[in-house]
Structures are given as C-alpha cells and as structure tokens.
Amino acid sequence: MIQQLTIPTPYAVGDVNAFLVKGDTLSLFDAGPRTPEALEAIKAGLNDSGYSLEDIEQVILTHHHPDHSGWADGFPNAELYGHEYNNLWLTRDPDFIKFHDEFYMDRFIEQGVPEKALGIVGKMKRAADLMAHRPLDHILMEGDEIPGHPGWIALETLGHAQSHLSFWNSKRSELIGGDLLLEKVSSNPLVEPPKGPDDPRPKTMLQYNASLKRLLDLPVEKVFSGHGMPVTGVHELVEKRLQKQHERAMKVYDMLSPGPRSVFELTVQLFPAAYKRELGLTLSETLGQMDYLLELGKVIRKTDEQGIHRYEKS
Ligand SMILES: [Zn+2]
C-alpha cells in the first residue's frame, strides 16, 4: 500500500507530498516542512488510514531540503533513514555550516556577483529553520534495500540535492522519486556545497541529467513525486525535460555572441526581475547551463585578474 499525503509548505512550490508505505513495517517517505500546518496535515493524512505519529516505524528521506525533511524528528517511535549528506544539515554540523558560507562566498565572487549583493550568503542557511534537528539512525547507499520493504531499492540520484535518493521497485515498476521528476515543473539542480573543502564543487546540472537518464534505462511506469500527482508517461517526460534544458542552454549560448560574460551578467539578462528576489536560485540555474555548455565543449572559461570567471564561445 502506498498512500500519498499532501502537505502545505510556505514555499513557492506549493504543496509537498509524503508517502505512507505499508510493508513488513510502516514507513513514511519524507516528512513535510517544519511548520504547525504541515504537522496537522501529516496527522490528518495518517488518520485517514487509521494511524498516528506513534505508529510510524521508519522515516525515509528522499533529500534534506526543508519541505521534505522538516518533521523527520516528529515520530517518537521511528528510525530515520537517508543519504549520509542529510546529516550535515540535520545535525547543523558546525564545520559544514562554516564551510557552507565560504563555499558560496567563493562561488559568488567567481560568478561576478557585485559586492553589495554578497550579503545573501549569510541568509542562505535560513532553509535550515524548517528542517528537522536530529541525526540519521541509518545511512542508505546506492543499491540498499529498504528494511521492512523487500523489493524497494535506494538509487543515488543526485542533482536537485546532494542528498537525493529515489526508491525503485522493479516488481511494481514504480519509483518513489522525491524531486527527481515532477509532473508540472522542471526540478532545479541547485548548486550545493560538497561534503567538505577538499571535495570539488558538484556539477549539479550534469549530475541531475545523469540521474534523469537513469530513468530511461528502467522500465518505470509510475513515479510518486515530491510535488504534484504521480507521473505516468515517465520516459516521455524525461525526454521532454532533457530537451527543454538543452534549449535553455542554447539560449544562454547565444547570449555569448557579443563577447565573454560572467554568470552574474548572464543571470541578470536571463532573469531580469527574478534575479533580485531569488539571486541564489537564478545564479544556480545559470551556472548549471554553463557547466553543461563547458561539458559539450561549446564554451571556454577564463578567469580575470579579480578572480571572476568569464565564459565565451569556444
Ligand atoms: Zn521539494
């Protein structure tokens, strides 16, 4: 049995889903944002199936973002499972938090963000306000079977988040997909810090495309998604998302015709209004397109004397 719980969020994305799965154990995949309204919706959803918070034996996270992880500590009898990257956030690991700010500051300087806008670095950790505050009990890795749910296998599907897992059941041809593939909107491959300062910056757009392409190799018929209704016609939607992204990248490529540009300059041009409200998100999107074009060999990157990366057609 898989029951979708629809939970309100304070974010632009709207509602988020959690999935109640009854196997040999009773598990909840994802846990809404940490708001009172979300907790009420979770309680109501469980109640529809005759359960309460106390009955949940396992909480399994698709990723650490606050709309998915918020109430991971709200189930007194549940053990918590997820990708190890979740822990950096769920425990507010002090070394990671410090590194997080340094990471974004360095990236924004490379991207040519003007000094007066660099203050947003300090605000980017606000996402943690609506996350749960407890460590994982168990780490899941690529290929692990979910305890109590024979046939459900964890797939590491990074890109949207550095903690992102999806859960595949080959007998049912179904995937619990987190934010890997959404019915209505394309999923943003957010730029996130790696685990530590010695690791390279994850190229999240490339990771995300590789994760999407994994779906093309699986006979998946239905994806239970983090937002919106379950997706059928999965392969068609994957192809459409990949094609759209390629088209967006080529639009950015055309913007390089007059000469070299920084990620910030391109972002202002691409998102003339939105970049003021959502600087982190919009820069992330543009950097993703540049990583993609670099990978295709269509652009090259040079670093100027101020340390700003400028991209030009190759
Ligand atoms: Zn989400």
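This is a predicted model: local features need pLDDT of at least 70, side-chain atom pairs count only at pLDDT 80 or more; totals for chains, interfaces and linings use all residues.
Visitor: Which residue ranges make up domain 1 and domain 2?
Guide: The C-alpha centres of the two domains lie 28 Å apart. In the domain assignment of the protein chain, each domain is built from two ranges, with domain 2 taking 94–123 + 244–313 and domain 1 taking 2–91 + 128–232.

Visitor: How much area is buried between domain 1 and domain 2?
Guide: The contact involves 19 residues of domain 1 and 18 residues of domain 2. Carbon and sulfur atoms give 68% of the area buried between these domains, and that area comes to about 1,700 Å².

Visitor: Which side chains meet in a salt bridge, at 2.8 Å from N to O?
Guide: The count between domain 1 and domain 2 is one salt bridge, while four residue pairs are found in polar contact across the interface. A nitrogen-to-oxygen distance of 2.8 Å lies within the 4 Å cut-off for a salt bridge. The side chains that meet in this way are those of Arg-201 and Asp-291.

Visitor: Which element gives the most residues to the side of domain 1 that touches domain 2?
Guide: The residues on that side divide into 11 nonpolar, four polar and four charged. The elements that give two or more residues to it are helix H3 (86–90) and helix H6 (204–216). With three residues, the element that gives the most is H6.

Terms used: Residues are numbered from 1 along each chain as its sequence is written. Side-chain values use heavy atoms; hydrogens and water are left out. Domain bounds come from an automatic or database domain assignment. Contact means heavy atoms within 4.5 Å. Buried area is the accessible area (1.4 Å probe) that two parts lose on being put together, summed over both. A polar contact is a pair of N or O atoms within 3.5 Å; within protein, one must be able to donate a hydrogen and the other to accept it, and residues adjacent in sequence count only if both atoms are side-chain atoms. Helices (H or I, at least four residues) and strands (E, at least two) are DSSP runs, numbered from the N terminus. Ala, Val, Leu, Ile, Met, Phe, Trp, Tyr, Cys and Pro count as nonpolar, Asp, Glu, Lys and Arg as charged, and the others, Gly among them, as polar.
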